[in-house]
Amino acid sequence: MLAAKNACETDQDDQEIDEVAAALAWHDGDPDATIRTLLADCKHLREQLALAEIAMSLGYTRGWRPACIGGSEAEQP
């Protein structure tokens with residue numbers, strides 16, 4: 001069981017490294033362009049979250065509402 005947990009953690013670490021390498025490769029190794037793109041994506045997703053918060057009724061979500069807390073996470077029930 002412990003070996004399986006360690007294997008999962010290793011896979012997650014490898015995946016994160018691959019995602020960073022892929023993001024940098026997409027921008028031809030330019031870290032500034034990569035960061036600008038990621039910040040723009042983050043801004044877009046926050047705008048989408050704000051629209052979802054406006055559009056969703058409390059009855060539809062059984063009291064849960066999406067919200068941006070601390071600029072990084074949605075509200076947990």
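## E47 and helix α2

E47 is located in helix α2; helices are DSSP runs of H or I with at least four residues, strands are E runs of at least two, and both are numbered from the N terminus. This is a predicted model, in which local features need pLDDT of at least 70 and side-chain atom pairs count only at pLDDT 80 or more, while totals for chains, interfaces and linings use all residues. Residues are numbered from 1 along each chain as its sequence is written, and side-chain values use heavy atoms, with hydrogens and water left out.

With a relative accessible area of 42%, E47 is partly exposed; the class lies between buried (under 20%) and exposed (over 50%), for a 1.4 Å probe and protein chains only. A distance of 9.9 Å separates the C-alpha atom of E47 from that of C68, 21 residues away along the chain.

Helix α2 covers residues 31-55, 25 residues in total. From first to last C-alpha it reaches 36 Å, close to the 36 Å expected at 1.5 Å a residue, where the expected span is 1.5 Å times one less than the number of residues. At the start of α2, a side-chain oxygen of D30 comes within 3.2 Å of the backbone nitrogen of D32.

## The loop between α1 and α2

H27 sits in the loop between α1 (2-26) and α2. H27 is buried, its relative accessible area being 18%. Beyond its neighbours within four places in sequence, H27 is in contact (heavy atoms within 4.5 Å) with A33, T34 and T37.

D28 belongs to the loop between α1 and α2 as well. D28 is not a glycine, yet its phi is positive, at about 55 degrees. D28 is exposed, with 74% relative accessible area.

## T34

T34 is part of helix α2 and counts as buried because its relative accessibility is 7%. Apart from neighbours within four places in sequence, T34 is in contact with A23, L24 and H27.

## The chain as a whole

The chain contains two helices and zero strands. Of its 77 residues, 8% are buried. Among contacts with a separation of 6 or more, 7% are between residues 24 or more positions apart.

## Confidence

The average pLDDT of the chain is 75, and 57% of the residues score at least 70; pLDDT is the predictor's confidence in each residue, from 0 to 100. Over residues 72-77 the pLDDT is below 50, and this stretch has eleven contacts in the model beyond near neighbours in sequence. Where pLDDT is low, predicted coordinates should not be read in detail.

Key: A polar contact is a pair of N or O atoms within 3.5 Å; within protein, one must be able to donate a hydrogen and the other to accept it, and residues adjacent in sequence count only if both atoms are side-chain atoms.
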